[in-house]
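Subject: Structure handover

Hello,

Here is the structure we spoke about. My notes follow below it.

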Amino acid sequence: MKPIILSLFLVVFLNGCGGGGNANQSTGETTFYHEEIATQKAQLDSRDTDGSQAVITEQMLIKRGNFSFQTGDVDKKHAEILELVTKYQAYVSNDNSYISHDRKTYNTEIRLPKQFFDAFVNDLSQGVSHFDHKEVGVEDVTEEYVDINARLKTKKELEARYLELLSKAKTVSEMLEIEKQIGELQADIESIEGRLKYITQQVQFSTLNLSYYEKTSVGNRFGQQFLNGFKNGWNNFIWFFVGLVNIWPFIILFGLFIYFFAKWLRRKRRNQS
């Protein structure tokens with residue numbers, strides 16, 4: 001009797017051990033994916049600090065210039081600058097003018113290919129006897145550019161690994177976890193690519209800020225304002241008659257009303273007398 005009871009006990013024990021192994025199988029696979037994701041992140045963090053993976057053959061320099069000067073004819077100088085913009089394949093990003101008490105000023109911001117910066121400045125300086133302000137600054141962004149390239153390469157490699165893990169995922173929870181990591185990674189990649197594009201544009205096109213002016217005498221400005229006032233008065237006089245022509249029927253009706261009202265008023269006074 002005892003051997004039979006012992007055999008039954010062993011069968012139940014072995015079945016219990018086998019069932020427990022099957023129950024823990026999916027948990028073990030999920031744990032594996034979590035550990036794999038953590039490993040990939042650790043590799044990303046360690047590689048992000050290593051900028052030596054990206055190789056660049058030349059310095060990345062952002063060049064900016066600020067110039068201020070007086071000219072004899074500011075409108076003519078403005079036209080010459082626009083011709084230089086066309087000549088050197090540049091473009092005007094901002095352009096405005098204003099008149100103060102004794103001068104007329106133009107402020108022009110120009111973006112031009114970096115290889116034409118010096119030639120543009122040389123042509124601009126022709127006919128300028130003195131610069132009130134002349135400044136050329138250069139910012140070296142080589143280190144930042146290399147670092148961003150390295151980070152972008154690493155994150156794209158990690159994205160490929162995550163996509164590979166996603167193809168091997170067996171449960172919904174595994175897929176959701178990996179897709180979450182991929183979404184965060186793609187957002188980082190877009191941000192890095194945007195910064196990289198901005199730096200590249202700043203390097204390829206230099207910025208030139210120009211402020212140039214022409215001094216005008218107060219007497220000349222008074223005479224010009226007087227002449228402008230006379231022209232405006234004449235124009236207003238002309239437009240007054242144009243307005244009258246547009247409402248001539250109403251003028252006739254109003255005249256007839258005044259005529260008959262005055263006639264009626266005279267007749268009334270005559271009868272009273």
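Glutamate 193 counts as partly exposed, at 34% relative accessibility. (Buried means under 20% relative accessible area, exposed over 50%, and partly exposed in between, with a 1.4 Å probe and protein chains only.) Its salt-bridge partner is lysine 156, with the closest N and O atoms 3.3 Å apart. (A salt bridge is a side-chain nitrogen of Lys or Arg within 4 Å of a carboxyl oxygen of Asp or Glu.) Lysine 156 lies in helix 5 and glutamate 193 in helix 6, so the pair ties together parts that are 37 residues apart in sequence. Lysine 156 is also partly exposed, with a relative accessible area of 39%.

A word on the source. This is a predicted model, in which local features need pLDDT of at least 70 and side-chain atom pairs count only at pLDDT 80 or more, while totals for chains, interfaces and linings use all residues. Residues are numbered from 1 along each chain as its sequence is written, and side-chain values use heavy atoms, with hydrogens and water left out.

**Other salt bridges**

The count comes to 9 salt bridges. One of them joins lysine 155 and aspartate 188, at 3.6 Å from N to O. Lysine 155 lies in helix 5 (residues 142-168) and aspartate 188 in helix 6, so this pair ties together parts 33 residues apart in sequence. Lysine 155 is buried, with a relative accessible area of 7%. Aspartate 188 is partly exposed, at 36%.

Another salt bridge is formed by the side chains of lysine 63 and aspartate 118, at 3.3 Å from N to O. Lysine 63 is in strand 1 and aspartate 118 in helix 4 (residues 117-125), and the two are 55 residues apart. Lysine 63 is partly exposed, with a relative accessible area of 22%. Aspartate 118 is partly exposed as well, at 48%. As background, side chains of opposite charge can pair when their charged atoms come close.

**Overall fold**

The protein has 8 helices and 5 strands. (Both are DSSP runs, numbered from the N terminus: helices are H or I with at least four residues, strands are E with at least two.) From the N terminus on, the order is α-α-β-α-β-β-α-β-α-α-β-α-α. Of the 273 residues, 24% count as buried. Among contacts between residues at least 6 apart in sequence, 82% join residues at least 24 apart. (Contact means heavy atoms within 4.5 Å.)

- Strand 1 (residues 61-70) and strand 4 pair in the antiparallel sense over 9 bridges. Here asparagine 66 stands opposite glutamate 135 in strand 4.
- Strand 1 and strand 5 run parallel and are joined by 7 bridges. Glycine 65 stands opposite leucine 208 in strand 5.
- Strand 3 and strand 5 run antiparallel, with 11 bridges. Arginine 111 has threonine 207 in strand 5 as its bridge partner.

**A loop residue**

Threonine 71 lies in the loop between strand 1 and helix 3 (74-87). Is threonine 71 buried or exposed? At 17% relative accessibility, threonine 71 counts as buried. Leaving out residues up to four places away in sequence, threonine 71 touches Lys77, Tyr213 and Glu214.

**The surface**

The accessible surface comes to about 18,800 Å², of which 58% belongs to carbon and sulfur atoms. (Areas come from the Shrake-Rupley method with a 1.4 Å probe; for residues, only the protein chains shown count as cover.) Trp234, Phe237, Ile238, Trp239, Phe240, Phe241 and Val242 form a nonpolar surface patch, with about 770 Å² of accessible area together. Isoleucine 238, one of these, is found in helix 7 (residues 218-246). Isoleucine 238 is partly exposed, with a relative accessible area of 36%. (Patches are made of residues with over 30% relative accessible area and no salt bridge; like charges are joined within 9 Å, and nonpolar side chains, meaning Val, Leu, Ile, Met, Phe, Trp and Tyr, within 5 Å.)

Best wishes

Key. Two strands pair if DSSP finds at least two bridges between them.
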